[in-house]
Each structure stands twice: as C-alpha cells, then as structure tokens.
Amino acid sequence: MGRRHGGGANYTLSVLPAPAGVRSINASLRATPMKFRCAHRWAFTRWGGPLETLEDPLEPATGNEVTIRVTHCGICHSDLHIRAGGFDMGGGRMSSLERAGTRLPVTMGHEICGEVVEVGPEVRSVAAGDRVVAYPWIGCGSCAVCERGDDHLCPKAANNLGLQRPGGYSDLVRVPHDRYLVPIGSLDPARAATFACAGITAWGAIRKLSPATADDWIAVIGCGGVGMTAVALLAATSPARIAAIDPDPAKREAALRYGATAAFDPGADKAAKTIAEACGNNLAGAIDFVGAESSSSLAVNLVRRTGEVVIVGLFGGEFRMPLPMFALKSLSILGSYVGGLNDLRDLVDLAQRVELPEIPLDLRPLASVNESLDDLANGRVVGRVILQPA
Ligand SMILES: [Zn+2]
Ligand SMILES: [Zn+2]
C-alpha cells in the first residue's frame with residue numbers, strides 16, 4: 001500500500017501536464033500549475049505499534065472527490081483506542097477493529113481542517129482555496145441513513161477518514177465527496193478542526209434530548225473538553241437549567257463560567273441524592289460523557305420519571321440496573337456516537353454566533369505525533385493537541 005521514506009513529512013510536489021481531453025481539471029485549478037500527487041502520512045503498520053512515515057501516490061481527483069491540504073488535525077482520545085486496535089467492552093473483552101474490517105496500515109486523524117487544493121469534475125460546493133473542515137464519519141453515501149445525514153451510523157459501510165480511509169496525520173487528504181466538507185468562514189481552523197469529533201459529539205448528544213422547559217434540569221456528567229462544550233452549547237440553545245458534574249473543582253468552576261446553573265462533585269457522600277434534591281428532583285435528562293459504570297448509574301439514578309439518559313463516553317465497563325426501573329420510571333437510555341453531517345454544519349454555524357469554551361489548544365508539528373499520542377496516553381496533555389504538517 002504505502003512505501004516508506006525516511007525524510008519526515010516533506011512535500012514532494014509533482015508538476016504534471018494536464019492530460020489532453022480530460023475534463024477533470026476544474027476551472028479554478030487551470031491557473032494552478034501544481035497538482036498534489038503524493039501524500040506523506042504518519043501511519044502504524046501493526047496494532048499498538050509506532051507511527052511511521054509512508055508515502056502514497058494520489059491519482060487525480062475524479063467525480064466528486066476533493067483533495068485537502070491539511071493545515072490542522074486534532075488528536076482525539078479515541079486515537080489511542082484505534083492504535084491499540086479496539087475498545088474495552090467490559091468484562092475483560094476487547095472489540096477488534098481488525099475483525100470489523102479495518103486494514104493496516106492505518107493513518108489516523110479525524111479532526112481535519114485544511115485548504116481545498118484539487119476538486120473532481122463533478123464538484124460544485126467547494127473550490128480550490130476554500131478553507132474547510134472535513135466530516136470524517138463517512139458511510140456508503142447512498143442508503144437512507146446516509147441520505148438523511150447520519151453517515152456515521154450507516155448500516156452498510158464504514159469509510160471513516162482516519163480509520164478505514166487515510167486521515168489527517170498527513171499533508172494531504174483525499175475526501176470522497178464534497179458533501180463531507182463544510183466551509184469554516186472566519187473560524188479559527190485549529191478550533192474548527194475539533195468540531196469534527198469533539199464538537200459534534202457534544203452537539204449530537206444534546207440533540208438526542210427532548211425539548212426542555214425552563215423548569216427542567218439537565219445534568220452533564222464529565223466536564224472535560226467535550227462535556228464543557230456541551231455545557232456551553234446547552235446554555236446557548238436550551239432554556240433548561242444545567243447541573244455540571246465532575247470530580248475536579250477547577251472543571252466545576254469553569255462549567256459555571258460557561259453557563260452551568262450549579263456544579264457538583266460526584267464523589268461526595270450521597271452525591272446522587274444531594275444532586276437530585278438540589279435540582280428539585282426535576283432532572284429531565286443526563287448526558288454521560290464518561291461512560292463508566294459509576295457515571296452511567298449516577299445518570300440513571302439522577303433523572304426523574306420520563307427521564308432521558310444519553311451515554312456518550314467510551315471509558316468502558318458494563319452497565320447493570322434492575323429491569324423494573326425502566327418501566328417504573330418510564331426511563332429512556334440512549335447511546336450517542338459522534339454526530340451527523342448536519343450536526344457539523346449546525347455547529348460551524350453556531351460557533352460563529354455563540355461563545356464556545358476556549359478549550360486550550362496545544363499546536364505541535366505533525367512529526368511529533370508519536371510523542372503526542374504518548375503524552376495523551378500518560379495524561380500529560382492539557383486541552384487538545386492540534387498537529388500541523390510542516
Ligand atoms: Zn474523535
Ligand atoms: Zn449508508
């Protein structure tokens with residue numbers, strides 16, 4: 001598939017003459033003598049192994065394909081699971097990306113912002129020079145689920161950037177269709193990159209909750225980057241009161257600044273009872289951004305009758321509860337996995353009008369990807385690492 005080269009992520013730009021009679025050169029590109037024909041990526045070639053540089057030739061973009069020059073790519077916590085080859089499913093079991101069809105080598109990176117440098121002949125929605133964020137959770141593109149914008153839940157195929165398809169730990173990314181690109185306008189590209197996973201994970205979970213009233217409370221459990229973004233988005237878009245729940249006092253304080261009505265320590269004595277009472281026993285919903293046994297059982301215990309619990313976090317473990325609680329509380333428990341294409345469009349639009357939390361960004365060169373992943377695994381990262389190709 002790829003061929004190794006030793007020199008890091010330097011560009012090799014080939015200058016090719018336009019083939020005679022080929023319509024695939026977009027008008028806006030005819031003036032550009034250079035085309036991008038080779039991607040220099042950082043990929044791992046065995047599960048759990050280090051990332052190494054690979055070089056892959058790129059064929060000219062056809063149909064609705066678009067080539068992006070990556071300017072910023074966020075490192076997501078899930079990249080640690082992808083590199084390891086799977087997720088902890090509880091009870092000592094691991095899911096396996098390999099059994100699910102992901103092939104080596106894997107070029108990770110699914111929070112991609114960059115500049116359009118090449119478009120196929122059918123592309124109408126973007127042009128060379130546009131600054132875009134890529135929606136990475138790509139499905140088959142043609143089933144009913146994909147057509148309503150829920151490509152991330154496509155039952156037929158997974159073609160995710162940074163997993164099945166090469167992602168943003170690279171100087172160039174080929175996106176299979178321009179519908180997966182959202183122009184970012186005046187947004188900071190480093191920040192807009194994080195919308196493709198962290199941002200839509202927050203927004204996608206919020207959208208799972210039924211509309212709330214000003215008397216309702218919604219709990220946000222886990223106020224890391226994604227949870228904190230959810231607090232700010234809820235404060236901006238929902239009349240409900242917000243209970244932020246996190247063991248870290250600094251995060252509780254920050255959540256209050258971003259619009260939480262009250263903040264609680266889940267480790268305090270009789271936390272569930274204290275929190276529910278402080279919220280007038282009127283928690284209509286709880287979003288669990290941790291996804292651990294303790295956080296999800298707290299969520300279920302907190303919500304009132306008709307309550308909705310959305311489980312987002314992938315910490316791992318098993319979930320147990322007495323079955324009669326479903327009926328007695330008329331309880332709904334939902335899962336939410338990243339978000340849809342429309343969530344990304346909404347979020348880019350919202351971000352230009354709403355003040356979102358300034359989660360600290362740590363910009364680093366792409367060549368530091370191995371150290372950066374290790375720093376993340378060892379808890380040495382504050383905020384989000386954003387990689388930049390040289
Ligand atoms: Zn992610
Ligand atoms: Zn589909």
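**Entry 1: α4 against α10**

I looked up how α4 (189–206) packs on helix α10 (residues 341–351) in this predicted model, and I found an angle of about 110° with the axes 9 Å apart, where axes are lines fitted to C-alpha atoms, for helices over the stretch in contact, and angles run from 0 to 180 degrees between N-to-C directions. That makes α4 roughly perpendicular to α10, the word being used for 65 to 115 degrees. Helices here are DSSP runs of H or I with at least four residues, and strands are runs of E with at least two, numbered from the N terminus.

I then listed the residues that meet: Ala192, Phe195, Ala196, Gly199, Ile200, Trp203 and Gly204 on the α4 side, and Asp343, Leu344, Asp346, Leu347 and Val348 on the α10 side; contact requires C-beta atoms, placed from the backbone, to lie within 7 Å. By class I noted eight nonpolar, two polar and two charged residues, with Ala, Val, Leu, Ile, Met, Phe, Trp, Tyr, Cys and Pro taken as nonpolar, Asp, Glu, Lys and Arg as charged, and the others, Gly among them, as polar.

**Entry 2: conventions**

I noted that residues are numbered from 1 along each chain as its sequence is written, while chains are lettered from A and ligands numbered from 1 in the order in which they are written. Local features need pLDDT of at least 70 and side-chain atom pairs count only at pLDDT 80 or more, whereas totals for chains, interfaces and linings use all residues.

**Entry 3: Val312**

I placed Val312 in the loop between β15 (308–311) and α9 (324–329). Val312 has 24 other C-beta atoms within 10 Å and is therefore buried, a term that asks for 20 or more such atoms, with C-beta atoms placed from the backbone. Leaving out residues up to four places away in sequence, I found that Val312 touches Thr201, Ala205, Ile287, Asp288, Phe289, Gly291 and Ser336.

**Entry 4: helix α5**

I checked the length of α5 (residues 225–237): its 13 residues should span 18 Å, and the end C-alpha atoms are 18 Å apart, which agrees; the expected span is 1.5 Å times one less than the number of residues. Ten of the 13 residues are buried, so α5 is largely enclosed by the rest of the structure. The cover of these buried residues includes α4, β11 (217–221), β12 (241–245), α6 (249–257), β14 (283–288) and β18 (384–388).

**Entry 5: domains**

I recorded domain 1 (3–198 + 339–388) and domain 2 (209–335), with bounds from an automatic or database domain assignment. Their C-alpha centres lie 32 Å apart, and 13 residues of domain 1 are in contact with eleven of domain 2.

Key:
Buried ≥ 20, exposed ≤ 12 C-beta atoms within 10 Å, placed from the backbone. Contact = placed C-beta atoms within 7 Å. Parallel < 35°, antiparallel > 145°, perpendicular 65-115°, else oblique.
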